[in-house]
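This report goes through selected side-chain features of one protein chain. The sequence and structure are shown first.

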Amino acid sequence: MRKATVFLPSAPLYASATSEAVLQDEILYGMEVTVHQEAVLNGMCKVTSDYGYSGFVSSSALCDGQYPANRVVTARSAHLMKQPRVDSVQELCVPQGSLLICMGETADGWSQIQPAGMSGILYTRTSWLAERAAQIAPDPVFRRNVIRTAMRYLHTPYRFGGKTPQGID
């Protein structure tokens, strides 16, 4: 067994080792998995997500090691740019719920991001992120946070196993 991190915007988690299998879940950018079997069939690895879902994901969606994320994307998506400018080259776009490592913030509203599976630093708007909770908040705060998060997904279409603004389960 080894730890790995998803470094694509989202990685489908299938019930069996073929891409024609039933979609069980999506594992988002920056989320860690435990790999139980390496590339068993069709380049698919048997994994368990950090929240307990098991299945098969493409080995091409994973990079080795842990990714100690300290931020979560709260906007519908976050654009990861090469420079802290709106006219910079976009390297990657990750969906709401993705996890990121913030290395620091600039005075003009940009966060420096250490991307998973890539070298260098990318930038995204600080307003698109929130601190990742280290523990569950007290009941009233937790309930407010659940409601606030649910409101962000209003009018999002249904998609079996989905967990992005493109479709949720």
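Predicted model: local features only at pLDDT ≥ 70, side-chain atom pairs only at ≥ 80, totals over all residues.

## Salt bridges

A search of the whole structure finds 6 salt bridges. One of them joins the side chains of R2 and E38, with an N to O distance of 2.6 Å. The two residues belong to distant parts of the chain, R2 to strand 1 (residues 2-6) and E38 to strand 4, and they are 36 residues apart. R2 is partly exposed because its relative accessible area is 26%, and E38 is also partly exposed, at 47%.

A second pair is formed by E26 and R159, whose side chains meet in a salt bridge at 2.2 Å, N to O. E26 lies in strand 3 and R159 in the loop between helix 1 and strand 15, so this bridge ties together parts that are 133 residues apart in sequence. The relative accessibility of E26 is 4%, so E26 counts as buried. R159 has a value of 31% and therefore counts as partly exposed.

E105 and R71 also meet through their side chains in a salt bridge, here at 3.7 Å, N to O. E105 is in strand 11 (residues 99-105) and R71 is in strand 8, so the pair connects parts 34 residues apart in sequence. With a relative accessibility of 49%, E105 counts as partly exposed; R71 is buried, at 15%.

## Aromatic pairs and a charge over a ring

The structure as a whole contains 2 aromatic pairs. In the pair of Y29 and Y67, the ring centres are 6.4 Å apart and the planes stand at 80 degrees, so the arrangement is edge-to-face. Y29 is located in the loop between strand 3 and strand 4 (32-41), and Y67 in the loop between strand 7 (62-64) and strand 8 (71-73), so the pair ties together parts that are 38 residues apart in sequence. Both Y29 and Y67 are buried.

Another ring, that of W110, has the charged end of R125 sitting over it, 4.5 Å from the ring centre.

## A nonpolar surface patch

Which residues form a nonpolar patch on the surface? The patch consists of V22, Y158 and F160, which together have about 350 Å² of accessible area. V22 is found in the loop between strand 2 (10-14) and strand 3 (23-28). V22 is classed as exposed because its relative accessible area is 51%, and the cut-off for that class is over 50%.

T156 lies in the loop between helix 1 (139-152) and strand 15 (163-164). Is T156 buried or exposed? Its relative accessibility is 13%, so T156 counts as buried, the limit for that class being under 20%.

Leaving aside neighbours within four places in sequence, T156 is in contact with R76, T164, P165, Q166, G167 and I168. The loop that holds T156, between helix 1 and strand 15, is also the location of R159, the salt-bridge partner of E26.

Terms used
Residues numbered from 1 in each chain as written. Heavy atoms only, no water. Patch = residues over 30% accessible without salt bridge, like charges linked within 9 Å, V, L, I, M, F, W, Y side chains within 5 Å. Areas by Shrake-Rupley, 256 points an atom, 1.4 Å probe, with all protein chains shown as cover. Salt bridge = Lys/Arg side-chain N within 4 Å of Asp/Glu carboxyl O. Helix = DSSP H or I, 4+ residues; strand = E, 2+ residues; numbered from the N terminus. Buried < 20%, exposed > 50% of the residue type's maximum accessible area, 1.4 Å probe, protein only. Phe/Tyr/Trp six-rings, centres within 6.5 Å; stacked < 30°, edge-to-face > 60°. Lys NZ or Arg CZ within 6 Å of the ring centre and 35° of its normal. Contact = heavy atoms within 4.5 Å.
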